[in-house]
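Dear colleague,

I am handing over the structure we spoke about, with the sequence beside it. Please have a look at it first, and then read on for what was found in it.

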Amino acid sequence: MSSVLEHIEANPQETQRLIGLGYPELQQLIQNAEQLHYEKQATLESKKIRIISGGGGRKPKLSIKEQIILTLVYLRHMTTFQLLGIQFGVSESTANDTFNYWLPMLRELLPSSLLEQVKKNDLDYEVVKEILTEYELTVDSYEQVS
């Protein structure tokens, strides 16, 4: 198990700071993502024509839960895949492959931004842009433990 997952499970109150989701939301996301993963794998498996039975090959180093958290850590902190690989105990290319596998599935499960939701409709896009220009964004760069 990766140290990030161990830390989250030992300190669920810090989940929001580490990956941008609360612990209950993370658990729900993991459950939904695993289900989507198994459905995708079943669909791919049903389309394969096999000469030898499945189940061989190397087992993944990271569990599904760890792969999802790796993806969320990248999205939250935008670190390099090299550092992400070191953090999770995998190679840089494995971290990259894991991220690129889970990103489309998480996009289906997580709500998109308001701009992304309306970008295909020009009229709605302009209305949302107009509304958002009325807001002022204040950024506090100092974080405290609550």
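This is a predicted model: local features need pLDDT of at least 70, side-chain atom pairs count only at pLDDT 80 or more; totals for chains, interfaces and linings use all residues.

Of its 146 residues, 26% are buried, and among the contacts with a separation of 6 or more, 62% are between residues 24 or more positions apart.

On the H4 side the contact is made by Glu 66, Ile 69, Leu 70, Val 73 and Tyr 74, while H5 brings Phe 81, Leu 84, Gln 87 and Phe 88. By class, seven of these residues are nonpolar, one is polar and one is charged.

H4 also takes part in the lining of the largest pocket, where it is one of the elements that give two or more residues, together with helix H3 (23-47) and helix H6 (92-109). This pocket has a volume of about 740 Å³ and is lined by 24 residues, with His 37, Arg 58, Lys 59, Pro 60 and Gln 67 lying nearest its centre. H6 provides the largest share of the lining, five residues, and by class the lining has seven nonpolar, ten polar and seven charged residues.

With best wishes

How values were computed:
Residues are numbered from 1 along each chain as its sequence is written. Side-chain values use heavy atoms; hydrogens and water are left out. Contact means heavy atoms within 4.5 Å. Helices (H or I, at least four residues) and strands (E, at least two) are DSSP runs, numbered from the N terminus. Ala, Val, Leu, Ile, Met, Phe, Trp, Tyr, Cys and Pro count as nonpolar, Asp, Glu, Lys and Arg as charged, and the others, Gly among them, as polar. On a 1 Å grid over the protein atoms alone, a cavity is a set of points where a 1.4 Å probe fits but cannot get out, and a pocket is an open set with protein on both sides within 12 Å along at least five of seven lines; lining residues have an atom within 4 Å of a point. Grid points are joined across faces, edges and corners, and a volume is the space filled by probe spheres set on the points. Buried means under 20% relative accessible area, exposed over 50%, partly exposed in between (1.4 Å probe, protein chains only).
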